[in-house]
Amino acid sequence: MACISATAFAADLVVSAASSLTNAFQEVARAYEAVHPETHVVLNFASSDTLMRQIVQGAPVDVFASADQTAMDRAQAQGVLSAGSRVDFAANQLVLIVPSSSHARVDALKDLLGPTFKRVAWGNPASVPAGRYARRVLEDAGLAGALESRAVLAQNVRQCLDYVRRGEVDAGFVYATDAAMARERVRIALRLDSPTPITYPMAIVAQAAHASAARSFQHFVLSADGQALLAKYGFLKPH
């Protein structure tokens with residue numbers, strides 16, 4: 001889902017969350033509604049930068065959950081966040097995946113320069129946090145320029161996962177949590193250390209129509225129950 005209905009009910013709490021949070025937040029929302037039956041959580045998933053732009057343009061959003069600090073920084077710079085509401089709630093790891101049917105062996109990133117890897121996917125760094133993390137890792141390895149001609153840029157991290165899952169590319173950069181969602185169709189070839197910690201911030205939108213419910217939802221995500229649900233999907237605790 002990458003757009004927000006203009007016909008939301010009065011008790012609808014609109015949560016815009018990064019694509020990599022899709023499965024986890026669907027369960028988080030169900031658990032929250034179970035203890036807050038008066039509130040219906042409307043989930044809006046897309047790349048973090050797309051969601052940020054929607055909020056800046058006035059979309060009716062109550063809570064924004066980003067996959068990196070950059071998108072949240074941009075939202076904060078635009079003055080669309082409620083002061084003091086920003087908090088880190090999860091962490092992740094960047095991984096290189098290949099189709100499960102692939103026999104390719106990857107011992108280091110430089111192996112991507114071999115003839116086996118003709119197409120390598122990662123998120124568009126201009127708008128996708130996972131793509132920004134991948135670019136930094138490739139730049140640090142001195143491979144960004146050499147792999148440019150093989151790059152297939154995805155609109156969000158789940159699209160990148162789908163490219164690999166369907167065998168449309170030979171490898172791709174996603175989060176460990178995404179790889180876990182498709183473990184029957186992809187395998188992790190490398191776990192990567194990101195020079196920038198992969199942390200997920202969440203904030204209440206300044207113009208939230210349901211500020212009280214937004215704070216309640218945020219507290220639930222940070223609670224032991226909320227954190228246990230995130231851990232179930234492979235998310236880590238932020239440092």
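In this predicted model, the cover over the buried residues of helix H3 includes helix H2 (48-56), strand E3 (63-65), helix H4 and strand E10 (199-204). Helix H3 itself spans residues 69-77, and its buried residues are Ala71, Met72 and Ala75. Seen down the axis of H3, these buried residues fall within an arc of 95°, so they line one face of the helix. At its start, a side-chain oxygen of aspartate 68 comes to within 3.4 Å of the backbone nitrogen of threonine 70. After H3 comes glycine 79, with a positive phi near 75°.

Attention can now turn to a sheet and the helices against it. Five strands form an open sheet in the order E7-E6-E8-E5-E9, and their pairing is mixed. Strands E7 (151-154) and E9 (186-192) stand at the edges with a single partner strand each, so one side of each has no neighbour in the sheet. From one strand to the next, the twist averages 30°. Strands of a sheet pair through backbone hydrogen bonds, in either a parallel or an antiparallel manner. Strand E5 (residues 94-99) pairs with E9 in the antiparallel sense, over 6 bridges, and valine 95 stands opposite arginine 191 in E9.

Two helices can be followed from here. Helix H5 (residues 157-165) packs on the sheet and touches E5, E6, E7, E8 and E9; its direction makes about 140° with that of E8. Helix H4 (residues 129-140) lies across E5, E6 (120-123), E8 (171-175) and E9, and runs at about 120° to E8. Helix H4 is also among the elements that cover the buried residues of H3.

Notes
Residues are numbered from 1 along each chain as its sequence is written. This is a predicted model: local features need pLDDT of at least 70, side-chain atom pairs count only at pLDDT 80 or more; totals for chains, interfaces and linings use all residues. Side-chain values use heavy atoms; hydrogens and water are left out. Two strands pair if DSSP finds at least two bridges between them. Helices (H or I, at least four residues) and strands (E, at least two) are DSSP runs, numbered from the N terminus. Axes are lines fitted to C-alpha atoms, for helices over the stretch in contact, and angles run from 0 to 180 degrees between N-to-C directions. Contact means heavy atoms within 4.5 Å. Buried means under 20% relative accessible area, exposed over 50%, partly exposed in between (1.4 Å probe, protein chains only). The arc is that of the directions from the helix axis to the C-beta atoms. A polar contact is a pair of N or O atoms within 3.5 Å; within protein, one must be able to donate a hydrogen and the other to accept it, and residues adjacent in sequence count only if both atoms are side-chain atoms.
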